[in-house]
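Let's take a walk through this fold, one neighbourhood at a time. Keep the viewer open as you read.

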Amino acid sequence: MALASTEKVVLGCVAFGIFWVLAVFPSVPFMPVGRTAGSLLGAMLMVLFRVMTPEEAYAAVDLPILGLLFGTMVVSIFLERADMFKYLGSALAWRSRGSKDLLFRVCLVSAVASALFTNDTCCVVLTEFILKLARQNNLPPQPFLLALASSSNIGSAATPIGNPQNLVIAVQSGISFGQFLIGVFPAMIVGVITNTCILLCYFWKYLSVPEKDQEGGRAAGPEVVADDEVTSHRFTPARMSHSSSVNGADADCISEPIRRSDSLNRADTLSLRSRSYNSEGDIQVAIRSKRASSMSQEMVEVSTVCDRRDDGVGPRKITRTTSHQRSVIIEDAPEANANGVDGEKGKDGDDAKEKRWKVLVWKSAVYLTTLGMLVALLMGLNMSWSAITAALVLLALDFTDAQACLEKVSYSLLIFFCGMFITVDGFNKTGIPNALWELVEPHSRIDSAKGTALLAVVILVLSNVASNVPTVLLLGSRVAASAAAISPASEKKAWLILAWVSTVAGNLTLLGSAANLIVCEQARRAQFFGYNLTFWSHLRFGVPSTIIVTAIGLLIVVSY
């Protein structure tokens with residue numbers, strides 16, 4: 001394809017440059033509008049500058065990719081509601097044999113979860129839990145946060161639903177779910193093990209603190225979080241939205257969480273200890289509710305807060321529903337009538353048993369539907385419609401208004417993809433990507449070790465400069481066409497190489513993937529046990545890890 005007219009080339013480069021700046025640096029001072037608005041701006045400029053027509057812009061939007069992305073988002077939301085991520089978090093803490101064992105578990109669990117539920121979702125739901133777990137055991141958070149981010153990126157390379165760029169590759173290449181899994185899964189396993197070994201070598205000294213020192217540090221310093229608070233932490237996979245649960249004026253006097261005795265009326269006779277508990281805007285201390293077993297899905301926590309307002313009102317009960325991040329204040333809760341306690345207990349027990357069965361049946365339906373979706377994908381059925389069908393089945397089985405669930409879908413990401421499809425297609429019409437590829441293509445054929453290495457370097461650099469999804473959109477068809485000239489088998493291998501390198505390239509720098517930024521932001525915003533993962537601390541580990549893991553995995557993918 002020859003270069004377009006000079007006017008179209010210049011204006012197309014301007015539009016793509018604006019998109020690139022806002023996509024890579026969403027908070028630039030002169031236009032802090034974010035990635036989503038930046039992609040729409042780039043798409044609009046492509047049409048206004050007449051680089052492409054409105055009809056061509058509409059045709060550039062890839063609906064199968066959007067459908068697959070939407071379906072996997074809805075399925076992930078239902079899996080979170082069914083406590084799947086809570087169980088994954090519990091697997092990290094169950095019978096842990098020390099810091100190194102915990103680090104290995106973080107790498108393994110995050111890699112497997114990312115392959116099935118996307119890397120971004122995995123990082124959103126596990127970051128705060130892992131941070132709490134590290135603080136609770138007086139361990140440095142940095143190795144565990146790096147383990148989560150890097151292993152999530154590596155693990156997501158194994159399946160077409162692991163990350164957005166794999167979705168694009170699977171749809172454009174026509175490679176089935178099973179073929180994709182067989183081609184990349186061995187490289188993912190070896191890559192996760194290699195990455196874990198690098199983490200252990202890099203942080204061996206920090207993870208080798210004697211147990212007595214850890215115990216001494218725990219006694220000297222404040223306790224960050226209790227065991228039951230770690231295992232009951234609730235996750236929000238679809239968004240990173242946070243809101244306060246109690247106003248500052250209501251948190252003046254806070255009592256410590258206590259274990260439930262035979263009656264909550266005897267709670268004031270128990271001794272309380274001070275301990276910090278994380279919430280997004282305040283400190284809130286929880287005691288178990290009498291009816292917690294009948295509301296297992298909501299995980300209601302009851303807190304007793306001493307109100308020090310001037311109007312003289314006594315203690316109030318505050319019920320906080322952690323899954324919805326909101327609190328309901330119940331003024332002057334009356335004491336239960338002693339004469340009707342036994343009858344109410346019997347009725348409550350029957351209701352609780354019935355609700356437990358309903359919750360169990362509903363969770364089983366969610367897990368079976370998700371399993372059915374994975375089976376359909378492995379059978380080679382259409383990936384987009386398999387994911388959408390699973391999402392609609394879950395919405396129907398919920399027997400409630402779907403609005404609450406659909407509100408958690410990240411529509412900003414879907415809109416970002418729409419704008420990016422149009423912008424990248426407009427940039428392709430300028431002829432510049434073709435011209436640059438013609439210079440590199442003769443030296444980057446995958447029929448030689450030198451050509452494969454050069455192609456990997458181009459993908460690695462471009463993924464960190466232009467981000468991995470635009471890189472796949474720009475290079476995908478060109479790399480596949482070059483490999484198809486060698487053999488049909490080489491074409492499929494080229495797609496898998498592109499999937500592996502563009503995904504692992506996200507570990508090079510903190511800005512290399514959205515998963516890294518999610519871990520960094522979630523850790524920084526966590527109150528009382530927050531941690532700031534800096535760009536340079538990530539770079540010192542990311543450079544050697546990315547180069548070694550990419551090279552080892554590339555050898556396995558090429559030999560497939």
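Start at Tyr 202, which counts as partly exposed because its relative accessibility is 34%; here buried means under 20% relative accessible area, exposed means over 50%, and partly exposed is in between, with a 1.4 Å probe and protein chains only. Bear in mind that this is a predicted model, where local features need pLDDT of at least 70, side-chain atom pairs count only at pLDDT 80 or more, and totals for chains, interfaces and linings use all residues. Residues are numbered from 1 along each chain as its sequence is written, and side-chain values use heavy atoms, with hydrogens and water left out.

What does Tyr 202 pair with? Phe 203, for one: the ring centres are 4.8 Å apart and the planes sit at 70°, so this pair is edge-to-face. Rings of Phe, Tyr and Trp (for Trp, its six-membered ring) pair if their centres lie within 6.5 Å, and planes under 30 degrees apart count as stacked, over 60 as edge-to-face and the rest as tilted. Phe 203 has 3% relative accessibility, so it counts as buried. Tyr 202 also pairs with Phe 541, with ring centres 6.4 Å apart and planes at 65°, so that pair is edge-to-face too. This second pair ties together distant parts of the chain: Tyr 202 belongs to helix α10 (residues 177-202) and Phe 541 to helix α23 (residues 535-558), 339 residues apart. Phe 541 counts as buried because its relative accessibility is 2%.

There are 9 aromatic pairs in the structure. Elsewhere, ring pairs join Phe 16, Phe 19, Phe 416, Phe 417, Phe 421 and Phe 427 into a cluster.

Now zoom out for a moment. The protein chain has 23 helices and 5 strands; helices (H or I, at least four residues) and strands (E, at least two) are DSSP runs, numbered from the N terminus. Of its 560 residues, 49% are buried. Take the contacts between residues at least 6 apart in sequence, and 76% of them join residues at least 24 apart; contact means heavy atoms within 4.5 Å.

On to helix packing. Helix α4 (residues 63-81) packs on helix α9 (residues 164-173) at an angle of about 135°, with the axes 10 Å apart. The axes are lines fitted to C-alpha atoms, for helices over the stretch in contact, and angles run from 0 to 180 degrees between N-to-C directions. That angle is why α4 and α9 are oblique to each other: under 35 degrees counts as roughly parallel, over 145 as roughly antiparallel, 65 to 115 as roughly perpendicular, and the rest as oblique. Pro 64, Ile 65, Leu 68 and Leu 69 of α4 meet Leu 167, Val 168 and Val 171 of α9. By class, that contact has 7 nonpolar residues, no polar and no charged; Ala, Val, Leu, Ile, Met, Phe, Trp, Tyr, Cys and Pro count as nonpolar, Asp, Glu, Lys and Arg as charged, and the others, Gly among them, as polar.

Ser 384, in helix α15 (residues 383-397), touches Pro 64, Ile 65, Gly 67 and Leu 68, not counting residues up to four places away in sequence. With 7% relative accessibility, Ser 384 counts as buried. Back in α9 you'll find Gln 172, which counts as partly exposed because its relative accessibility is 36%. Setting aside neighbours within four places in sequence, Gln 172 is in contact with Leu 473 and Trp 495.

Compare helix α7 (residues 119-136) with helix α22 (residues 514-525): their axes come within 9 Å and cross at roughly 25°, which means α7 is roughly parallel to α22. This crossing is right-handed. The contact includes 8 nonpolar, 3 polar and 2 charged residues.

Finally, look at the loop between α6 (99-117) and α7, where Thr 118 is found. Most residues other than glycine have a negative phi. Thr 118 has a positive phi of about 75° although it is not a glycine, and it counts as buried because its relative accessibility is 15%. Arg 50, in the loop between α2 (34-48) and α3 (54-60), also has a positive phi, near 60°. At 71% relative accessibility, Arg 50 counts as exposed.

How values were computed
Left-handed = near helix turned anticlockwise from the far one by under 90°.
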